Amino acid sequence: MNTEHETDTAQPLAAILGQFPPSERADGSTPPPFDIGAYLTAQRLARFKELCPAEFRKPIDRALVANPAAWDEADAWNGAHPGLWLWSHETGRGKSRMAWRQFGRGHVRHGKFTIKASGQSLCEDYFSAHMDGEPRAFYKRVLRADLLIIDDLDKAEWNERNKRTVRELFDELYAHQKAVIVTANEPIAWFADVIGPSCVRRMAEVCREIKF
């Protein structure tokens with residue numbers, strides 16, 4: 001897929017077992033037990049650091065949070081369906097930072113396979129799969145993710161093909177009860193005139209709207 005970021009990096013267990021330290025050191029002493037949980041968490045953290053921009057990895061200064069109530073509401077999300085729709089007309093309100101925070105939490109702590117992509121890139125991925133004669137391959141890939149993060153959905157090019165893609169995508173996300181985070185500069189209601197009221201109803205069922 002032409003996605004921006006994804007975390008499908010899990011190694012087969014056999015490969016992990018092959019990296020266990022020896023049961024005995026050269027001096028004859030026994031090393032401490034191998035902590036596979038800590039090992040996998042460290043791998044996931046390293047992967048997250050590769051993907052996440054440095055500005056979003058810095059410690060959070062709560063004094064600079066534009067809307068603490070919205071931040072806390074989004075931060076309390078349990079990572080399950082329904083997901084979050086984080087929006088504000090203004091930039092710099094913390095939407096992207098919260099999306100990355102949830103990305104790291106899901107992937108590093110819980111080992112979730114996460115896909116993070118812009119709305120436009122998802123539409124382009126669907127079109128590519130459609131032209132290859134395998135439109136279901138797009139949905140199979142997206143739905144395999146434990147967490148899907150869609151950035152700047154309102155900025156997609158709203159031709160008829162992309163409108164259909166987004167309508168179908170949210171129908172699939174609803175049907176499979178997927179965990180989704182959307183960031184946008186517009187509320188869900190804005191899409192009624194763009195894509196149609198039926199898609200807006202699906203969006204509201206898939207995501208809980210929080211104004212940042």
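A residue is called buried when its relative accessible area is under 20%, exposed when it is over 50%, and partly exposed in between, with a 1.4 Å probe and protein chains only. By this definition, 12 of the 16 residues of helix H4 are buried, so H4 is largely enclosed by the rest of the structure.

The structure is a predicted model, in which local features need pLDDT of at least 70 and side-chain atom pairs count only at pLDDT 80 or more, while totals for chains, interfaces and linings use all residues. Residues are numbered from 1 along each chain as its sequence is written, and side-chain values use heavy atoms, with hydrogens and water left out.

**The chain and its sheet**

The protein chain holds eight helices and six strands, where helices (H or I, at least four residues) and strands (E, at least two) are DSSP runs numbered from the N terminus. Read from the N terminus on, the elements follow the order β-α-α-α-β-α-β-α-α-β-α-β-α-β. Of the 212 residues in the protein chain, 44% are buried.

The six strands form an open sheet with mixed pairing, in the order E1-E3-E4-E5-E2-E6; two strands pair if DSSP finds at least two bridges between them. At the edges stand E1 (5–6) and E6 (207–211), each of which pairs on one side only. E1 runs antiparallel to E3 (residues 114–118) and is joined to E3 by two bridges, and within this pair His5 stands opposite Lys116. Helix H3 (residues 68–75) packs on the sheet, where H3 touches E2 (83–87) and E6, contact meaning heavy atoms within 4.5 Å.

**The nonpolar cores**

In soluble globular proteins, nonpolar side chains tend to be buried together. A nonpolar core is here a set of buried Ala, Val, Leu, Ile, Met, Phe, Trp, Tyr and Cys residues joined through side-chain atoms within 4.5 Å. The largest such core has 35 residues, and Trp85, Leu153, Val166, Phe170 and Met203 touch the most other members. Among the elements that give two or more residues to this core are E2, E3, helix H5 (119–131) and helix H7 (160–175). Another core, of 21 residues, lies apart from the largest one and includes Ala70, Trp71, Met98 and Ala179. Leaving aside its neighbours within four places in sequence, Leu153 has contacts that include Trp85, Trp158, Val166, Phe170 and Met203.

**Helix H4**

Helix H4 (residues 95–110) has 16 residues and reaches 22 Å from its first C-alpha to its last, close to the 22 Å expected at 1.5 Å a residue; the expected span is 1.5 Å times one less than the number of residues. Its buried residues include Lys95, Arg97, Met98, Trp100 and Phe103. Just after H4, Gly111 takes a positive phi of about 70°.

Most residues other than glycine have a negative phi, and most peptide bonds are trans.

A cis peptide bond joins His81 and Pro82, with omega of about -5°, and Pro82 has its place in the loop between H3 and E2.

Definitions and conventions:
Axes are lines fitted to C-alpha atoms, for helices over the stretch in contact, and angles run from 0 to 180 degrees between N-to-C directions.
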